Amino acid sequence: MYKIDLLMRQFRYEIESYKRMLHFYSEENILFKKRLSDFLNASDTNNNEFMEQVEYFHTYLLKEDEYIGFLQSELSDQETLLFQPADTDSAKEILNNQLKLRKELQFVEDDFHKLTFDLNNYMSSFFSTGLASSNYHFM
């Protein structure tokens, strides 16, 4: 049982770390949407290509918010299991859940970094040339 207790403690630590990470991503998404709004206000809204790109990023950010909310709920469910007494069978279920969460959170992390790069790249290229270059399509 000692190993199971240590494993549950490790998973609780991971869950806390993941919750902080998702909170950070959620806050960053708020800032991205604000930047996108500022970007829209400072730009030519008659340019269809530009509007498509802005709409793409806005929709992407909204989907990220939904996925973050889903994962926060999943983490909460896992955390509930982690604070209940565990035997070998329940520890296996918790382990499987934890492995699934790790994969999902790795995906979110990779996706977040790609979004950050793409959004920053698009904005800086747009303002440096005055036009949206065809090299920066992310849809």
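Ser125 counts as buried, because its relative accessibility is 7% and the cut-off for a buried residue is under 20%. This value, like the others in this report, comes from a predicted model. Ser125 belongs to helix α3, and its side chain reaches the backbone oxygen of Tyr122 at 3.2 Å.

Met21 is part of helix α1, and with a relative accessible area of 17% it is buried. The table lists the two residues.

| Residue | Helix | Relative accessible area |
|---|---|---|
| Ser125 | α3 | 7% |
| Met21 | α1 | 17% |

Met21 can also be placed relative to Phe127: 106 residues separate the two in sequence, and their C-alpha atoms are 31 Å apart in space.

In general, nonpolar side chains of soluble globular proteins tend to be buried together. The largest nonpolar core of this model has 32 residues, and the members that touch the most others are Met8, Leu22, Leu36, Phe39, Phe57, Leu75 and Leu105. At least two residues of this core come from each of α1 (2-41), α2 (48-82) and α3 (88-129).

How are α1 and α2 packed, in terms of angle and distance between their axes? The angle is about 160 degrees, and the axes lie 9 Å apart. Helix α1 is therefore roughly antiparallel to α2, since angles over 145 degrees fall in that class. Sorted by class, the residues in the contact of α1 with α2 are 20 nonpolar, six polar and seven charged. The crossing in which α1 passes α2 is left-handed.

How values were computed:
Residues are numbered from 1 along each chain as its sequence is written. This is a predicted model: local features need pLDDT of at least 70, side-chain atom pairs count only at pLDDT 80 or more; totals for chains, interfaces and linings use all residues. Side-chain values use heavy atoms; hydrogens and water are left out. A nonpolar core is a set of buried Ala, Val, Leu, Ile, Met, Phe, Trp, Tyr and Cys residues joined through side-chain atoms within 4.5 Å. Buried means under 20% relative accessible area, exposed over 50%, partly exposed in between (1.4 Å probe, protein chains only). Helices (H or I, at least four residues) and strands (E, at least two) are DSSP runs, numbered from the N terminus. Axes are lines fitted to C-alpha atoms, for helices over the stretch in contact, and angles run from 0 to 180 degrees between N-to-C directions. Angles under 35 degrees count as roughly parallel, over 145 as roughly antiparallel, 65 to 115 as roughly perpendicular and the rest as oblique. A crossing is left-handed if the near helix is turned anticlockwise from the far one by less than a right angle, and right-handed if clockwise. Ala, Val, Leu, Ile, Met, Phe, Trp, Tyr, Cys and Pro count as nonpolar, Asp, Glu, Lys and Arg as charged, and the others, Gly among them, as polar. A polar contact is a pair of N or O atoms within 3.5 Å; within protein, one must be able to donate a hydrogen and the other to accept it, and residues adjacent in sequence count only if both atoms are side-chain atoms.
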